[in-house]
Amino acid sequence: MEFIALLIIIGAAVFIQKGLYRRYGMRRLDYRCYFSTIEAYEGDEIELIEEVSNSKWLPLPWLRTELATSKWLDFAESQSVVTDQTRFVPSFFTMKSYHKVVRRWRVKCLKRGTYAVDKVVVVGTDLLGMGDMSLPVDVDARLTVLPRPLPLEEMAVSSRHLTGDLVVRRQLLSDPFYIAGVREYTGLEPVNKINWLATAREKKLMVFQNDYTTSQSIAVLLNMQSRLEEGNTSLDRDNIENCIRVCASYFDDTLQSGIPVRFLSNTSLDGTEQPVVSNEAWGQEHVLELLRLLARLEFTTTEGFDSFLNGVDGAVTATDVVIVTCYLSPGIVAFARKKQDAGLHVRIAVLGLREADAADLPADCDVYCLYDYFAQRNRPAQRQGEEKDGQ
């Protein structure tokens, strides 16, 4: 009888504790998850912070959360599982009564993009591990990883920006501060434009000759097609990522010179069908907005790049034009020549051509082949990966 009574007591205790945990286990349990910053650059190491608070007398011997985020966020010292484009990171906690735990994950940002942890399910059990409890939590942790600008000098594509104003072929009004020489007085010029030294030398009235100038600006055109013949999705995504980094380098370079910059690309944002065409402005805030725009770009195209160039021909009026592309086509070369004939300075950065193929490039265009630069830049990372495999 005593043994049966003991079994009844044990069974009742198990049943009671199971009922208590089922009813109160997830009550007054708070979970937060957030990044230590909302913006970072490629290669930066940040933190993802988990906070769990158990504000009741009932302890929780075992809690488990699983974070689902992009595989391009590398969690240090974690046994994560990567499937396709998603990384799953499990996290375990033991919560005492009225206890709070803060866990900090070191996260390395591997690639530009916008990332989020929208929802986390907290799973727990009772003291004997016989019953499972779950609590869905909306966390809304968001991070924007900006493309890291590269040194233009290393790529031998220095923008060679001039400071000040540029002389142009025609303008409505001449620049009174830019003197190109002297000419004979026609009777229409004001008296304050008379050059008395030249008048004494030539023994006839001579006036200052002012030229037409315009302030310098730069337009960066990005081709989101990795090949001349492909559909609406970019195939060679590594080369496209390098193209985006080159654009970021030109944006960053304008900060030192204070030159206005705008960005155009044959891709769209937020599911629209309109190509990306930004405003022309200068300054740190404008460059930061352009970098954020680059971070949001998807591997899709609205139209072929040759067709896109024809559509934005009238909008490209900057004194300097930079075309960043994976390949070179007759349409790109024709667009560059047309802009050069109009007095603009055009340079083309091609990431799909080797230096050995430079002999086939048009001699009248300013073309830079960057394939070898990025191949050499990625070689140390590949060698490091091989060494890890060997170990």
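User: Before we start, what should I know about the model and the numbering?

Analyst: The model is predicted, so local features need pLDDT of at least 70 and side-chain atom pairs count only at pLDDT 80 or more, while totals for chains, interfaces and linings use all residues. Residues are numbered from 1 along each chain as its sequence is written, and side-chain values use heavy atoms, with hydrogens and water left out.

User: How many helices and strands are there in the protein chain?

Analyst: You get eight helices and 20 strands. Both are DSSP runs, numbered from the N terminus: helices are H or I with at least four residues, strands are E with at least two.

User: What makes β4 and β9 a pair?

Analyst: Two strands pair if DSSP finds at least two bridges between them. Strand β4 (residues 60-70) and strand β9 (residues 113-125) have two bridges, in the antiparallel sense, so they meet that rule. In this pairing, L63 stands opposite G124 in β9.

User: Why is the pair of W62 and F92 called tilted?

Analyst: Rings of Phe, Tyr and Trp (its six-membered ring) pair if their centres lie within 6.5 Å; planes under 30 degrees apart count as stacked, over 60 as edge-to-face and the rest as tilted. W62 is in strand β4 and F92 in strand β7 (residues 86-95), 30 residues apart.

User: What makes W62 partly exposed?

Analyst: Buried means under 20% relative accessible area, exposed over 50%, and partly exposed in between (1.4 Å probe, protein chains only). W62 has 34% relative accessibility, so it counts as partly exposed. F92, with a relative accessible area of 41%, is partly exposed too.

User: And why is the pair of F75 and W105 edge-to-face?

Analyst: Their ring centres are 6.0 Å apart and their planes are at 75°, so the pair is edge-to-face. F75 sits in strand β5 (residues 73-75) and W105 in strand β8 (residues 99-109). Both F75 and W105 are buried.

User: How do you know that the charged end of K111 sits over the ring of W72?

Analyst: The rule asks for NZ of Lys or CZ of Arg within 6 Å of the ring centre and within 35 degrees of the ring normal. K111 has its charged end over the ring of W72, 3.8 Å from its centre. R103 does likewise over the ring of F93, at 4.2 Å from its centre.

User: Is K56 buried or exposed?

Analyst: K56 is buried, because its relative accessible area is 6%. K56 lies in the loop between β3 (45-54) and β4. Leaving aside its neighbours within four places in sequence, K56 is in contact (heavy atoms within 4.5 Å) with residues including Y24, L29 and Y98.
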